[in-house]
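I open this notebook to keep track of what I look up, one entry at a time.

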Amino acid sequence: MGTLLALGAKGKFSGTIGLEIYSLRAEAAKDLPGALATIRKFGIDEVEVPELYGRSAAEFRKLLDNAGLKATSMMADHAAFGKNIQSIAD
């Protein structure tokens, strides 16, 4: 965010800004819908997903849709790639 402030002093930034939900991990663990709403209130519409917070992929996607957010990337445990890559893809 500091970089964005510096850019603001020099001119307008026209790119897309995303946020890793992990940045609000404590809030997301307690109230995922609330944390997603907060992210959207920041003016952010793209997120990186660190985990599904105990929800199915479909449930998580619905929460993102309801908050007006789009997941553009997701973290995955390296060990899981060797065990069941299809579950990560799903």
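Entry 1, a residue and its contacts. Leaving aside neighbours within four places in sequence, I find Phe60 in contact with Ile21, Leu32, Val49, Glu51, Leu52, Tyr53 and Arg55, where contact means heavy atoms within 4.5 Å. I note that this is a predicted model, in which local features need pLDDT of at least 70 and side-chain atom pairs count only at pLDDT 80 or more, while totals for chains, interfaces and linings use all residues. Residues are numbered from 1 along each chain as its sequence is written, and side-chain values use heavy atoms, with hydrogens and water left out.

I looked up where Phe60 sits, and it is found in helix H4; helices (H or I, at least four residues) and strands (E, at least two) are DSSP runs, numbered from the N terminus. Is Phe60 buried or exposed? Phe60 is buried, with a relative accessible area of 3%, given that buried means under 20% relative accessible area, exposed over 50%, and partly exposed in between, with a 1.4 Å probe and protein chains only. From C-alpha to C-alpha, Phe60 and Val49 are 9.7 Å apart in space and 11 residues apart in sequence.

One of the contacts of Phe60 is Tyr53, which I located in the loop between E2 and H4. Tyr53 is not a glycine, although it has a positive phi of about 50 degrees. At 12% relative accessibility, I count Tyr53 as buried.

Which residues have the most contacts inside the largest nonpolar core? The core has 16 residues, and those with the most contacts inside it are Ile21, Leu32, Leu36, Ile39, Val47, Phe60 and Leu69; a nonpolar core is a set of buried Ala, Val, Leu, Ile, Met, Phe, Trp, Tyr and Cys residues joined through side-chain atoms within 4.5 Å. Two or more residues of this core come from each of H3, strand E2 (46-49) and H4.

I then looked up helix H3 (residues 32-41) and helix H4 (residues 57-67), whose axes come within 9 Å and cross at roughly 40 degrees. That makes H3 oblique to H4, since angles under 35 degrees count as roughly parallel, over 145 as roughly antiparallel, 65 to 115 as roughly perpendicular and the rest as oblique. On the side of H3 the contact is made by Leu32, Pro33, Leu36, Ala37 and Arg40, and on the side of H4 by Phe60, Leu63, Leu64 and Ala67. I sorted the residues of this contact into 8 nonpolar, no polar and 1 charged.

Asp65 is found in helix H4 and, at 42% relative accessibility, counts as partly exposed. Gly68 lies in the loop between H4 and strand E3 (70-74), and Gly68 is partly exposed, with a relative accessible area of 39%. Not counting residues up to four places away in sequence, Gly68 touches Arg40 and Asp45; Gly68 and Asp45 are 23 residues apart in sequence and 6.5 Å apart in space, C-alpha to C-alpha.

I find 5 helices and 3 strands in the protein, and from the N terminus on the elements run α-β-α-α-β-α-β-α. Buried residues make up 19% of the 90 residues.

Technical notes
Axes fitted to C-alpha atoms, helices over the stretch in contact; angles between N-to-C directions. Nonpolar A, V, L, I, M, F, W, Y, C, P; charged D, E, K, R; others polar.
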